[in-house]
Amino acid sequence: MVDLITSPKHGPVIVTAVLFIVLFGVGGGLYEGFFSAQVLANLLVDNAFLLVLAVGMTFVILSGGIDLSVGAVMALSTVIAARLLQAGVGPAVTIVAVLAVASVLGLLVGGMIQHFGVQPFIATLAAMFLARGLCYVIAPQSISIDDPFFTTVASLQIPVWADVTVSPGAVIAVLVVLAAFLVLRATRFGRTVYALGGAESSSLLMGLAVNRTKIAVYVISGFCSGLAGILFSFYTLSGYSLTAIGAELDAIAAVVIGGTLLTGGYGFVLGSALGVLVLGTIQTIITFQGTLSSWWTRIFIGALLLVFIVLQKLLTTRRT
């Protein structure tokens, strides 16, 4: 057990799981009605889009990269969806188009990084400005969504147990997490992602598909950003250029708090999901408290992020 806690692979994830349990217990002890299954379900409902963003970010960070464009691509996805629906395009075609555009943007970013040697920070920063600028070109103002399919999905509540319900977006987010877990743990591609983050030069010597994998992780991140935009459109029934400002930082924070090393090679997508739940629990506690500004969420997240970065550094240094 001691070896697990001090392991750079498992230690941060265990700490995150314990932190989530403690935070939820503290909330239940302080506020009436907090300690309930519906509050737990609402963490998934309210953070479904962030959960999907964190999945895509996990692939990128595991490979040793970073993606600053996910929030802007998510906003662009909501705007494209709203504009297409407003023009009378069917919901199925709209969703496919949004996912295709987001994936192509991820492909372009991955190509810049792999074929032109552009640093991930610079390439994704450029993509962030591009996507956010396109948002304002397509729709300077917020666009309401009144498509029957979207409004039906937005109001649909799926029963889980007794009176506990979740939204379709939460179900989709959980399925995305499970799919990512299987890909990373049970496929050659997943093992290559880990190897690429551990040591790219060694991966090349082993004959792994480094080039394709490096591009693919950004395509996955782009796809997840587009899907997150669709889920957010269900959640808000609108498309807006200022949507998801700072969401890329929340996704990175969730992944790091979930135990994935910023240098790549170590981490679990289930840990990233725990990281999202930790962030959501902090926000819920502040909401129940009622008198604290929402900026306290940022303060607590920043403090946690620093703690987990130091923890990762200590564990990796101890093992070397």
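Which residues in α4 meet which residues in α14? The close-ups below start there, and all of them come from a predicted model.

**View 1. Helix α4 packed against helix α14.** From the α4 side come Leu50, Leu51, Ala54, Val55 and Thr58, and they meet Val269, Ser272, Ala273, Val276 and Leu279 in α14. Sorted by class, that contact has eight nonpolar and two polar residues, with no charged ones. As for geometry, α4 (residues 48-62) and α14 (residues 269-289) pack at an angle of about 140°, and their axes are 9 Å apart. The crossing of the pair is right-handed.

**View 2. The largest nonpolar core.** This core has 88 residues, and the ones with the most contacts inside it are Val52, Leu53, Val55, Met57, Met74, Leu184 and Ile252. Helix α4 turns up again here, giving the most to this core with 13 residues. Zoom in on Val52: setting aside neighbours within four places in sequence, Val52 is in contact with Ala173, Cys224, Leu227, Ala228 and Leu231.

**View 3. A second, separate core.** This one has five residues, including Val45, Val164, Val166 and Ala170.

**View 4. Thr192 in helix α10.** Thr192 sits in α10, which spans residues 188-198. Is Thr192 buried or exposed? Thr192 counts as buried because its relative accessibility is 4%, and the cut-off for buried is under 20%. Leaving out neighbours within four places in sequence, its contacts are Leu208, Ala209 and Thr213.

Conventions: Residues numbered from 1 in each chain as written. Predicted model: local features only at pLDDT ≥ 70, side-chain atom pairs only at ≥ 80, totals over all residues. Heavy atoms only, no water. Helix = DSSP H or I, 4+ residues; strand = E, 2+ residues; numbered from the N terminus. Buried < 20%, exposed > 50% of the residue type's maximum accessible area, 1.4 Å probe, protein only. Contact = heavy atoms within 4.5 Å. Axes fitted to C-alpha atoms, helices over the stretch in contact; angles between N-to-C directions. Left-handed = near helix turned anticlockwise from the far one by under 90°. Nonpolar A, V, L, I, M, F, W, Y, C, P; charged D, E, K, R; others polar. Core = buried A, V, L, I, M, F, W, Y, C linked by side-chain atoms within 4.5 Å.
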